[in-house]
Amino acid sequence: MKNTLHILTGLALVLNLASCGKKEETKAETAAAAAPAAPAGDLEEIKLEFPKPMFIGTPVPAELPNLEKADPSKVIKSIMVPKGTTNLAKGKPVTSSDSAPIIGELSLVTDGDADGADGSFVELMPGKQWVQIDLGAEANIYKIAMWHYHKQAQAYIDVEVQVSDDPEFKNGVTTLWNSDHDDSSGMGKGSDPAYVETNHGRVVDAKGIKARYVRLWSNGNTSNDMNHYCEVQVYGTPAK
């Protein structure tokens, strides 16, 4: 009888402790639900300015294994960034693996105009090429918006976006976007999709990474072997 009483008493104590634990959990959950949401920080919306659509002629079918299906509902039309964020790339110097472009001047890449009309884009020689923007100083980079030639419906091959504090991109390189699905450019496989160029361009999330230089690669397109850029915008703030 005494053993039974001890067992029942112990069981009651365990149940009571478990009940207290559940009550504490419930109180914590209730308090968390009642507490105001953590502030998102001082963010502001920047609406991207898109050039007019300029498709002409008959589109060349883009046949790439990693080509995404076009979905207008997923177009990024604005970005949320910390207050004080600006397009740090505007007017900044541009260099390239092709120092003498076939068409246009490298300065067109950062002139603030994403239009695809004649005289608004730069054409680089065939094959694997890059353009590089010097922001002038290390910056907190939040978003990068880029426009390749969008007058025709074509996709650019092996597009990569990298940042670094090294102007030669030999050290401290971070890749933010990589659509080279088979490592044909010899810089590593990427999981990002290839996409058909439109006047909406493409926005890359840089997540506030600190860097001074931005380098963009491509390896021709589905229409021809040339590489083109209409505009690259780098949204960020000076690093402290």
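Biologist: I've found aspartate 158 in the loop between E6 and strand E7 (160-164). What is the phi of aspartate 158 near?

Modeller: Quick reminder before we start: this is a predicted model. Phi of aspartate 158 is near 50°, which is a positive value in a residue other than glycine.

Biologist: Is aspartate 158 buried or exposed?

Modeller: The idea is to set relative accessibility against a cut-off: buried means under 20%. Aspartate 158 comes out at 4%, so the residue counts as buried.

Biologist: On to charges. How many salt bridges does a search of the whole structure find?

Modeller: It finds 5. To read one, look for a side-chain nitrogen of Lys or Arg within 4 Å of a carboxyl oxygen of Asp or Glu. One of them joins arginine 202 and glutamate 68, at 2.4 Å from N to O. Arginine 202 lies in strand E9 (residues 202-219) and glutamate 68 in the loop between strand E1 (43-47) and strand E2 (78-82), so this pair ties together parts 134 residues apart in sequence. As for cover, arginine 202 is buried, with a relative accessible area of 18%, while glutamate 68 is partly exposed at 30%.

Biologist: What does lysine 151 form a salt bridge with?

Modeller: Its partner is aspartate 118, with the closest N and O atoms 3.6 Å apart. That pair links distant parts of the chain: lysine 151 is in the loop between E6 and E7, aspartate 118 in the loop between strand E4 (94-96) and E5, 33 residues apart. Here lysine 151 counts as buried at 14% relative accessibility, but aspartate 118 counts as exposed at 62%.

Biologist: Which side chain meets aspartate 134 in a salt bridge?

Modeller: Arginine 212 does, at 2.8 Å from N to O. Aspartate 134 lies in strand E6 and arginine 212 in strand E9, so the bridge ties together parts 78 residues apart in sequence. Arginine 212 is partly exposed, with a relative accessible area of 27%.

Biologist: Last one: which residues form a nonpolar patch on the surface?

Modeller: Ile102, Ile103 and Met125, with about 240 Å² of accessible area together. Methionine 125 is in the loop between strand E5 (122-124) and strand E6 (128-147), and is partly exposed at 36% relative accessible area.

Definitions and conventions:
Residues are numbered from 1 along each chain as its sequence is written. This is a predicted model: local features need pLDDT of at least 70, side-chain atom pairs count only at pLDDT 80 or more; totals for chains, interfaces and linings use all residues. Side-chain values use heavy atoms; hydrogens and water are left out. Patches are made of residues with over 30% relative accessible area and no salt bridge: like charges are joined within 9 Å, nonpolar side chains (Val, Leu, Ile, Met, Phe, Trp, Tyr) within 5 Å. Accessible areas come from the Shrake-Rupley method with a 1.4 Å probe; for residues, only the protein chains shown count as cover. Helices (H or I, at least four residues) and strands (E, at least two) are DSSP runs, numbered from the N terminus. Buried means under 20% relative accessible area, exposed over 50%, partly exposed in between (1.4 Å probe, protein chains only).
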